[in-house]
Amino acid sequence: VDEETLPEPNDAYGAVKLLLLHFFKTLCEKEKIEWYWVRVFSLFGKNENDSWLIPSVITRLRKEESILLTKGEQEYNYLYIEDFLDRFFRIVIEKHDLSGVYNICNDRTIKLKELLISISEILGVSSKLLEFGSLPYREGQNMFISGSCRKFKEKFEYEIPDNDLLV
């Protein structure tokens, strides 16, 4: 999804977000106020809920407990929370009169299986504890969530660091 992609919501939550985007955009443009609509993709990092995937996997691997998982074929572009904040504050602090929609995300996707194996390697724990294929995918499972932040990089002259991924 790039910043020019028009959302096509398929539920009430998405429809309300789209409605709010148009409402705030119209209101700000009418009043000649700068506006920014930031779309956030998959984040991970400090203070994340312990029940979420990455922190729960780290906790269980540190205890050397096995973890039942899907096949891990889902592809996401995870971004570390501090990298997200760096980019977000670039927009907030550097007022450039560049109103618009901006994605704040990692530019690269990674399969969950690769990500979790990398975490086990970083922790020095056997990846055999990761029991891929033990669980079915849930109904409606998102298999690919990826954004492009091309517009953000161009408008705010931002270089994405090479170490943006965990791996």
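In this predicted model, the lining of the largest pocket comprises 18 nonpolar, seven polar and six charged residues. The volume of this pocket is about 1,200 Å³. Its lining consists of 31 residues, and those nearest the pocket centre are Tyr13, Lys17, Val40, Phe41 and Ile145. Two or more lining residues are contributed by each of helix 1 (12-30), strand 1 (36-40), strand 2 (43-44) and strand 9 (144-145). Helix 1 makes the greatest contribution to the lining of the largest pocket, at five residues.

The second largest pocket has a volume of about 350 Å³. Its lining is made up of 19 residues, with Leu53, Tyr76, Leu112, Arg138 and Gln141 the closest to the pocket centre. Sorted by class, the lining of the second largest pocket contains ten nonpolar, seven polar and two charged residues.

In soluble globular proteins, nonpolar side chains tend to be buried together. The largest nonpolar core in the model holds 16 residues, and the members that touch the most others are Leu61, Tyr78, Leu115 and Leu130. Helix 2 (53-62) and helix 4 (112-123) are the elements that supply two or more residues to this core. Helix 4 provides the largest share, four residues.

The cysteines were considered last. A disulfide is a covalent bond between the sulfur atoms of two cysteines. For Cys149, the closest cysteine sulfur is that of Cys105, at 4.4 Å. The cut-off for a disulfide is a sulfur pair within 2.5 Å, so the separation of 4.4 Å between the sulfurs of Cys149 and Cys105 is too far for a bond. Cys149 has a relative accessibility of 0% and counts as buried. Cys28, with a relative accessibility of 13%, is also classed as buried, because burial is assigned under 20% relative accessible area.

Definitions and conventions
Residues numbered from 1 in each chain as written. Predicted model: local features only at pLDDT ≥ 70, side-chain atom pairs only at ≥ 80, totals over all residues. Heavy atoms only, no water. 1 Å grid on protein atoms, 1.4 Å probe; cavity = no way out; pocket = protein on both sides within 12 Å on 5 of 7 lines; lining within 4 Å. Points joined across faces, edges and corners; volume = space filled by probe spheres on them. Nonpolar A, V, L, I, M, F, W, Y, C, P; charged D, E, K, R; others polar. Core = buried A, V, L, I, M, F, W, Y, C linked by side-chain atoms within 4.5 Å. Buried < 20%, exposed > 50% of the residue type's maximum accessible area, 1.4 Å probe, protein only.
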